[in-house]
Amino acid sequence: MTDPRHSGTEAGGNAPLSASIPMAGGSSRLLDAPLAGGSSRPWDAALAQQIIDGFAGQRGALLPMLHALQGCFGCIDDAALPLLARSLNLSRADVHGVVTFYHDFRRSRPGRHILKVCRAEACQAMGADALIAHIKDHLSVDFHETTADGAFSLEAVYCLGNCALSPALILDEKLVGRVTPARFDALVAGVRS
Ligand code: FES
């Protein structure tokens, strides 16, 4: 079953890798979602406000705003919460509650490489739990954490649409199936080299 805390960008493995973000004034900008922490922009309150203003008047704007902010800055900076709350006439607690409810939203900048491992049924049936245990041990991280060297952020996803080749993961946008611990180690070694 799909985890309801999944806000939609990763479900089915079709996470948008870029988004056309409406900007205040009617223009739009293409902001690439960060595939690695180093490709996201440093926090910029003025730019964040521009992004938020681009969704002004849109129904259900909070989630698109959050995705756009994370796409730009790599995470939802604490400083974004009051901007969002003011724009949407919500309390900061309301915004904080949404940000923390959905696993998709990061509270800190991600590592240079994003590793998303499928935890849904088909992958579980093919050994995902053992693979995940190996990954956590190999990288010394848990889900929603980044390795001490800033290289890898580990995230959970719920079906990548690759069930026939499970267990599956995505490493830096690349879908990989039939992942074994040995294959995972080789993937990581290849990225590190
Ligand atoms: S359950 Fe479908 S790819 Fe993992």
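A nonpolar core is a set of buried Ala, Val, Leu, Ile, Met, Phe, Trp, Tyr and Cys residues joined through C-beta atoms within 7 Å. A residue is buried if 20 or more other C-beta atoms lie within 10 Å of its own, exposed if 12 or fewer, and partly exposed in between, with C-beta atoms placed from the backbone. This structure is a predicted model, in which local features need pLDDT of at least 70 and side-chain atom pairs count only at pLDDT 80 or more, while totals for chains, interfaces and linings use all residues. Residues are numbered from 1 along each chain as its sequence is written.

**Overview**

- The protein has seven helices and seven strands (DSSP runs numbered from the N terminus: H or I of at least four residues for helices, E of at least two for strands).
- Read from the N terminus, the order of elements is β-β-α-α-α-α-β-α-α-β-β-β-β-α.
- Of the 193 residues in the protein, 34% are buried.
- Among contacts (two residues whose C-beta atoms, placed from the backbone, lie within 7 Å) with a separation of 6 or more, 65% are between residues 24 or more positions apart.

**Confidence**

- The mean pLDDT (the predictor's confidence in each residue, from 0 to 100) is 84, and 80% of the residues reach 70 or more.
- Residues 8–20 stay under 50 in pLDDT, and the model gives them 34 contacts beyond four places in sequence.
- Residues 29–38 are also below 50, with 35 contacts in the model beyond near neighbours in sequence.

**Nonpolar cores**

- The largest nonpolar core has 24 residues, of which Leu115, Val117, Cys118, Ile135 and Leu169 touch the most other members.
- Two or more residues of this core come from each of β3 (113–118), α6 (128–139), β5 (152–157) and β6 (169–171).
- Helix α6 gives the largest share, five residues.
- Beyond its neighbours within four places in sequence, Val117 contacts Ile132, Ile135, Leu154, Ala156, Val157 and Leu169.
- A second, separate core holds 16 residues, including Met65, Leu66, Cys75 and Ile76.

**The sheet**

- Five strands make an open sheet of mixed pairing, in the order β4-β5-β3-β6-β7 (two strands pair if DSSP finds at least two bridges between them).
- β4 (145–146) and β7 (174–176) are at the edges with a single partner strand each, so one side of each has no neighbour in the sheet.
- Strands of a sheet pair through backbone hydrogen bonds, either parallel or antiparallel.
- β3 and β5 run parallel and are joined by six bridges; Cys118 stands opposite Val157 in β5.
- β3 and β6 run antiparallel with three bridges, and Val117 has Leu169 in β6 as its bridge partner.
- β4 and β5 are antiparallel, with two bridges, and Thr146 is partnered with Ser153 in β5.
- The hairpin of β4 and β5 has five residues between the strands, and Gly150 there takes a positive phi near 75 degrees.

**Helix packing**

- The axes of α6 and α7 (residues 181–192) come within 10 Å and cross at roughly 35 degrees (axes are lines fitted to C-alpha atoms, for helices over the stretch in contact, and angles run from 0 to 180 degrees between N-to-C directions).
- Leu131, His134, Ile135 and His138 of α6 make this contact with Pro181, Phe184, Asp185 and Val188 of α7.
- Helices α1 (residues 45–53) and α2 (residues 62–73) pack at about 145 degrees, with axes 9 Å apart.
- Here Leu47, Ala48, Ile51 and Ile52 in α1 meet Met65, Ala68, Leu69 and Cys72 in α2.
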